[in-house]
Amino acid sequence: MDANFWDNRYNEEGFAYGKSPNAWFESNISYLKPNSKLLFPAEGEGRNAVFAAQQGFECCAFDVSAAGKEKALLWAKELNVQLDYQVGALEELEFELDSFDGIVLSYVHLPYPDRIVFHKKLLSLLKIDGIVIFEAFAKEQLDYQSGGPKVETMLFSLEEVMEEFEGLQFTIIQHAIVKLGEGKYHQGEGAVIRFVGQKLRNY
């Protein structure tokens, strides 16, 4: 992930993806145990973590962008909520194994096959019975102009998601065409893969 690219984006005026939480996450937050400990990878300006903190969750986040962290923490302070927000790539950070009750992945796109290692590491941080809430662009997003990377290997298929998150029991998993309205950079019709899954075993 290019820290300079994301610093430039998050240094723009306003919030790049809006201040409302991702709609898929918001609509499925009830799958998470109340007041439990959540991890938000590549959390940017904090829209999902700030929302969850307002609901009483203990929220940890990370991103390669220091600008994203700064904006998220200022916003959290305004709302009088707490975030534990670290800057760096996942392999540089020291999270405890089996320490999170939930992980929220919202449009986290890494090159294939790097993301296989990334997802495996994330799942090692999740407790048994912990929940993953995931939404990202499908490969068909190349046909749409609503956002996301324009590189097919950074996009997802249902088959890839099921392989990369082997060991989860999928409560919901779907390919969908949705209408996005998330800030400046996610606007219009788009193709997504999304799921809610529960960890059944250690990795």
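## Strands around β4

In β5, Ser 106 finds its bridge partner in Glu 135. From β4 the chain crosses through helix α5 (residues 114-124) to β5, and this β-α-β crossover is right-handed. Right-handed here is a viewing rule: with the strands pointing away from the viewer, the path from the first strand over the helix to the second runs clockwise. Before going on, a word on ground rules: this is a predicted model, where local features need pLDDT of at least 70 and side-chain atom pairs count only at pLDDT 80 or more, while totals for chains, interfaces and linings use all residues. Residues are numbered from 1 along each chain as its sequence is written, and side-chain values use heavy atoms, with hydrogens and water left out.

Back to the sheet. Pairing takes at least two bridges found by DSSP between two strands. The elements themselves are DSSP runs numbered from the N terminus: helices are H or I with at least four residues, strands are E with at least two.

## β5 and its other neighbour

How does β5 pair with strand β7 (residues 186-199), parallel or antiparallel? The sense is antiparallel, over seven bridges. Glu 135 turns up again here, with Arg 194 as its bridge partner in β7.

For β4 (residues 100-106), seven of its seven residues are buried; buried means under 20% relative accessible area, exposed means over 50%, and partly exposed is in between (1.4 Å probe, protein chains only). In β5, nine of the 12 residues are buried, so this strand is largely enclosed by the rest of the structure.

## The largest pocket

The largest pocket has a volume of about 670 Å³. The search runs on a 1 Å grid over the protein atoms alone, and a pocket is an open set of points with protein on both sides within 12 Å along at least five of seven lines, whereas a cavity is a set of points where a 1.4 Å probe fits but cannot get out; lining residues have an atom within 4 Å of a point. Points are joined across faces, edges and corners, and the volume is the space filled by probe spheres set on them.

What lines the largest pocket? There are 32 lining residues, and Trp 6, Tyr 10, Tyr 17, Tyr 107 and His 109 lie nearest the centre. Elements giving two or more residues to this lining are α1 (3-10), α3 (47-54) and β4, with α1 giving the most, four residues. By type, the lining splits into 17 nonpolar, nine polar and six charged residues. In that count Ala, Val, Leu, Ile, Met, Phe, Trp, Tyr, Cys and Pro are nonpolar, Asp, Glu, Lys and Arg are charged, and the others, Gly among them, are polar.

Most residues other than glycine have a negative phi, and most peptide bonds are trans. Tyr 112 and Pro 113 are joined by a cis peptide bond, with omega about 10°, and Pro 113 is in the loop between β4 and α5. Ala 42, not a glycine, has a positive phi of about 50°; this residue is in the loop between β1 and α3 and is partly exposed at 21%. Asp 98 has a positive phi of about 55°, is found in the loop between β3 (84-87) and β4, and is partly exposed at 34% relative accessibility.

Leu 155 is in the loop between β5 and α6 (158-164), yet buried, with a relative accessible area of 0%.
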